[in-house]
There are 2 protein chains.
Amino acid sequence: MWEIAEEFRALIVFAEHRYYGVSMPYGDRSFDDVGRVGYLTSQQALADYVDLITYLRHNGSYSNRVLYQIGDTYDTGVGGTSVPSVTNPVIAFGGSYGGMLAAWFRIKYPAIIEGAIASSAPIWQFTGMTPCNAFYRVTSSVYTDTSAECGLTILASWKAIDNVTKTVNGKAWLSHKWNLCSPLTNDNDVSTLKDWVSELYVNLAMINYPYPANFLTPLPGNPVKEVCKPMKNHKEDDFTLLGSVFKGLSIYFNYTGTSKCLDILSSSAPTLGEKGWNYQSCTEIVMPMCSNGIKDIFEKKPWDIEENARYCFENFGVQPSIYAIEKTYGGKNLNAASNIIFSNGLLDPWSSGGVLQDISKTVVAVVIPESAHHLDLRASNAMDPESVIKARKFYKNTIKNWIFNYQKHPTRSSNNLFVKQQIVLTI
Amino acid sequence: MWEIAEEFRALIVFAEHRYYGVSMPYGDRSFDDVGRVGYLTSQQALADYVDLITYLRHNGSYSNRVLYQIGDTYDTGVGGTSVPSVTNPVIAFGGSYGGMLAAWFRIKYPAIIEGAIASSAPIWQFTGMTPCNAFYRVTSSVYTDTSAECGLTILASWKAIDNVTKTVNGKAWLSHKWNLCSPLTNDNDVSTLKDWVSELYVNLAMINYPYPANFLTPLPGNPVKEVCKPMKNHKEDDFTLLGSVFKGLSIYFNYTGTSKCLDILSSSAPTLGEKGWNYQSCTEIVMPMCSNGIKDIFEKKPWDIEENARYCFENFGVQPSIYAIEKTYGGKNLNAASNIIFSNGLLDPWSSGGVLQDISKTVVAVVIPESAHHLDLRASNAMDPESVIKARKFYKNTIKNWIFNYQKHPTRSSNNLFVKQQIVLTI
């Protein structure tokens, strides 16, 4: 976005999702009860964006000042002195959940935005649309494709952890060997450890970028390759195997060498608005996930909607609505949608729930074999694979077409009083 | 609908809008406070229809029984023993507000319904999209086109009422002459009387059907013509003029001869869910109306949003959101919509806010010069003008195309276990 904004004379606006960051409708009490947190839905978030864009379009004509009111995101180098008017086209960009929002935004409000770039948006990762094991199968393939031995080591490690932690001494050994902040004392702790490690493998696959980056945590380039390097012991004894797994994992949680210990009680990606996301996962964003250790390298874990519902009721007093997203946004029937690019990297676990084939002439899929989670939306980098570079060129040309079609349409005739400027909404 | 359902093997479902009829979410307390009535919005109503259709599609496959659970509207003569399955297309029909809902339904949920017949749907009768005097101009033209003298008589009648009711004797005279249930005692009563009469003229124009009908009230065919017959005295003295106006009005409020007196405190169309509509007019369905007595035959009355807001706050504790509908449903930018027919009769005051020109190849306007308010959705009648008959044929062919395109699409492959049946949703 930053790289094409100037050419498009575009204002870039980052719209913070309600109940995330500092956008708390009830301040510190925003999550206190259903009466307050109940306004946290994707539909409400989209309606916020409608209000924001309408405000910018109408008020932007009179003063540049308003551009600053939405935060620190207005770059004065972009667009210069021009201001948006009511006739300005808007393009939404988003990655991950933001990508889902971008696509849903265009689906629901095609009069407000002219098109959406939805990167790594798993809009089909919902009940009845994607097998629950797809996500872990893709994750697994990232590891086995990097090194078959690495995949086998991970697969063997779950049983090794169980074996070793059967005894008190074994628990102490693993707690010390893996430098855990709180030592393992019971089976529940062991289970927590395994969940933490699983999540870490998933995150690593997501951010398996070709160059050093700091998205969820600081990491070297091609981190899965780095993590896999020491992990080639699947035939060794459990202790040797777990020692090498720890060496691999350290790349993730302690690349910078500043972690004192491994804290399995904290999320492996703590900055992404955990509370809001947990609530949304308990209401509309219910994504079935399962693994079986046969077609993937994870432990067998069925999708348990009952347990899920219990957790949601206990924590938020709500029940999951497993068909809410399909009913609201159309599920697999997107025939009537238009002007959306769905991009997916095949190294990204979330590609399992993404749109990988064109729906129509204007709802198209871009598959980027060498990309992890929304690499295409990151800044250009000398290490970028050719497929990402090509994808970005395609986005740019498509956006040009969207704007051209918008501007030639009589319902949005140009207002010559104001210099044209596009708005790019990133969500 | 009834006439084409059998050929389409269609199930006809009448979906009652929440907060109307017997669909009261909180029973008798549904309008008690904003916490209860707040769930009365067009968006919530559309979401209800999504649930209803999803339910019918999925559960209808197993048992015919469910078809009866939605009320008494299932006609066993239509569709016979076949049951709907998940692959069945759905077409929404609606007139007036129901027409707006039908159009908005397709705009917002094109994965749920395949198309919409939106008859006499004034989706543009909102702030910034239609001049506020358009509605009364169209209404006026119905009267002046029927008889120029009738229009002049109505225009003169407002001043005549004011003149006559200046005195106590005059108020008594008019109360007696017009057979009012409660006599006029002050200027406020006079104002109420004039409002009541204005509304009556509007209603008469809406239901100006070519044959006797009983939509808002029992009426003869071409009722405007009947009402206008005695009203040709615009140059006579005020008393004579008002006497003939009363003769005309009697056609409306006392066609059957059973009214004991004229009750200006009751609505002239009491059966249409007044309370729900009042609330919606105070939140999202805010339709600016004004008249000036120059380009129309009504008294000068500006559109007063301030007074409107005051009324809404006093009665419901809410403020009108004048741009809510435009922001939610796209306003005049319907370029991305598809599969909607907007039909309007030019005798219908509401055509002022309707879609009278094609938006695109699949969002088309049907203009029926000889039709009043959604005449096209009424049963066939020997007195129907040719234009209505042609319109209905066009709807039928268009629906055939919609269903054909739906069924050939791979995302909705046919389920051969069940006999195909369409669902027609009327709202």
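A disulfide is a pair of cysteine sulfur atoms within 2.5 Å. The views below show a predicted model.

**View 1. Disulfide A:Cys181–A:Cys261 in chain A.** The two sulfur atoms lie 1.9 Å apart. The torsion about the S-S bond is about 95°, so this disulfide is right-handed. The pair links distant parts of the chain, 80 residues apart. A:Cys181 sits in the loop between α7 (168-177) and α8 (187-206), and A:Cys261 in the loop between α10 (238-253) and α11 (274-281). A:Cys181 is partly exposed, at 34% relative accessibility. A:Cys261 is partly exposed too, with a relative accessible area of 27%. With the bonded cysteines of chain A numbered in sequence order, the pairing reads 1-7, 2-4, 3-5, 6-8. Over all chains, a search of the whole structure finds eight disulfides.

**View 2. Disulfide B:Cys132–B:Cys290 in chain B.** The S to S distance is 2.0 Å. A torsion of about 85° about the S-S bond makes the disulfide right-handed. B:Cys132 lies in the loop between β3 (115-119) and α5 (134-146) of chain B, and B:Cys290 in the loop between α11 (274-281) and α12 (305-316) of chain B, so the bond ties together parts 158 residues apart in sequence. B:Cys132 is partly exposed at 22% relative accessible area. The cut-off for buried is under 20%. B:Cys290, at 11%, counts as buried.

View 3. The sulfur atoms are 2.0 Å apart. Here the S-S torsion is about -70°, so the disulfide is left-handed.

**View 4. Strand β3 (residues 115-119) of chain A, largely enclosed by the rest of the structure.** Five of the five residues are buried, which is why the strand counts as largely enclosed. Both faces are covered. A:Gly115, A:Ile117 and A:Ser119 are buried on one side, A:Ala116 and A:Ala118 on the other.

**View 5. Strand partners of β3(A): β2(A) and β6(A).** β2 (residues 90-95) of chain A pairs with β3(A) in the parallel sense over five bridges. In this pairing A:Phe93 stands opposite A:Ile117.

Note on methods:
Residues numbered from 1 in each chain as written. Chains lettered and ligands numbered in written order. Predicted model: local features only at pLDDT ≥ 70, side-chain atom pairs only at ≥ 80, totals over all residues. Heavy atoms only, no water. Buried < 20%, exposed > 50% of the residue type's maximum accessible area, 1.4 Å probe, protein only. Helix = DSSP H or I, 4+ residues; strand = E, 2+ residues; numbered from the N terminus. Pairing = 2+ DSSP bridges.
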